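Here are a few notes to read alongside the structure. I hope they are handy when you go through it yourself.

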Amino acid sequence: MDVNESNFQSAVIERSRTVPVVVDFWAEWCAPCRQLGPVLERAVANRAGKIELAKLDVDSNQTLARTYAIQSIPAVKAFRDGQVAAEFVGAQPPLAVESFLDSLLPSESDELVAQGDEASLRRAVALEPSRADAAVPLARILYGRGDADGALELLREVPGSFAADGLAARIKLEHDGAAEALQQAFAAIDAADHELALDLLIGALPSSDGARDDIRRVIVGILDELGVEHPLARESRRRLAAALY
């Protein structure tokens with residue numbers, strides 16, 4: 001597909017939010033471009049719609065060439081989620097092109113995590129034991145059916161994950177006999193009512209005594225899963241700081 005300055009936004013930027021789009025910045029007079037072009041076309045065609053290829057003539061689209069700092073051609077940039085995710089310059093051998101394209105596609109673990117069922121998550125954890133987005137949901141499944149030890153074993157393999165640490169703290173609190181307000185908060189978490197859960201958890205901090213740090217860990221785990229830009233997370237971080245300090 002040929003792209004230009006009039007359709008680049010829709011054909012590349014917006015389209016890359018659905019499927020990776022590889023842009024070949026080239027020119028008719030460029031011999032290495034003519035060598036690389038067919039290699040890219042064959043490799044993309046072999047991936048059966050998992051990647052799309054767009055070709056942009058830099059001579060006819062100099063504004064885009066400047067925008068993307070094209071100084072030498074052929075230049076290849078891969079777009080994913082509206083941003084440049086990977087790139088290379090110069091004619092590359094077929095194996096290098098194949099490897100470049102494969103790096104843009106979801107791994108086996110990515111696909112298993114996206115499926116989200118227990119068997120898929122178990123397989124993803126077997127492939128990558130420290131992968132938080134596989135271990136944490138699988139630990140939730142195990143804990144939900146009463147296997148606290150199995151859940152904690154999974155969570156110990158995911159150091160540095162606030163979500164994993166938060167779930168481990170919840171398991172500890174429930175094992176130690178959490179107060180009624182905390183039990184209500186945990187029920188709200190299970191019902192995906194994050195606002196109520198955070199309200200109850202933050203409200204429990206002043207009278208939490210020895211459970212204070214574990215409650216904080218549960219809260220931080222929820223905030224991590226919401227993401228830094230979520231409005232509820234921003235407000236809850238402010239409330240958490242006020243309650244702690």
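1. Let me start with Arg140, which is partly exposed in this predicted model, its relative accessible area being 35%. Its side chain forms a salt bridge with that of Glu225, at 2.4 Å from N to O. The two partners come from distant parts of the chain: Arg140 belongs to helix α7 (residues 132-144) and Glu225 to helix α12, and they are 85 residues apart. Glu225 is partly exposed as well, with a relative accessible area of 48%.

2. A second link of this kind is worth a look. Asp199 and Arg239 form a salt bridge in which the closest N and O atoms are 3.1 Å apart. Arg239 counts as partly exposed at 26% relative accessibility, and Asp199 is partly exposed at 38%.

3. Do also have a look at the charged cluster made by Asp165, Lys172, Asp176, Asp214 and Arg217, which are joined into one network by salt bridges that share partners. In total, the structure holds 23 salt bridges.

4. Next, please turn to the pair Asp133 and Arg131, whose side chains meet in a salt bridge of 2.6 Å, N to O. Which of these two is buried, and which is partly exposed? Arg131 has a relative accessibility of 16%, so it counts as buried, the limit being under 20%. Asp133, by contrast, has a relative accessible area of 39% and is partly exposed.

5. On the α9 side, the residues in contact are Phe162, Ala163, Asp165, Gly166, Ala168, Ala169, Arg170, Lys172 and Leu173. On the α12 side they are Asp214, Ile215, Arg217, Val218, Val220, Gly221, Asp224 and Glu225. Sorted by class, this contact has 8 nonpolar, 2 polar and 7 charged residues.

6. Helix α12 (residues 212-226) also packs on helix α13 (residues 231-244). Their axes come within 10 Å and cross at roughly 160°. Angles over 145 degrees count as roughly antiparallel, so that is how α12 and α13 run relative to each other. The crossing of α12 with α13 is left-handed. From α12, the residues Arg212, Arg216, Ile219, Val220, Leu223 and Leu226 take part. They meet Leu232, Ala233, Ser236, Arg237, Leu240, Ala243 and Leu244 of α13. The residues of this contact divide into 9 nonpolar, 1 polar and 3 charged.

7. Is Ser16 buried or exposed? With a relative accessibility of 2%, Ser16 counts as buried. Apart from neighbours within four places in sequence, Ser16 is in contact with Val21, Phe79, Arg80, Asp81 and Gly82.

Conventions
Residues numbered from 1 in each chain as written. Predicted model: local features only at pLDDT ≥ 70, side-chain atom pairs only at ≥ 80, totals over all residues. Heavy atoms only, no water. Axes fitted to C-alpha atoms, helices over the stretch in contact; angles between N-to-C directions. Helix = DSSP H or I, 4+ residues; strand = E, 2+ residues; numbered from the N terminus. Parallel < 35°, antiparallel > 145°, perpendicular 65-115°, else oblique. Left-handed = near helix turned anticlockwise from the far one by under 90°. Contact = heavy atoms within 4.5 Å. Nonpolar A, V, L, I, M, F, W, Y, C, P; charged D, E, K, R; others polar. Salt bridge = Lys/Arg side-chain N within 4 Å of Asp/Glu carboxyl O. Buried < 20%, exposed > 50% of the residue type's maximum accessible area, 1.4 Å probe, protein only.
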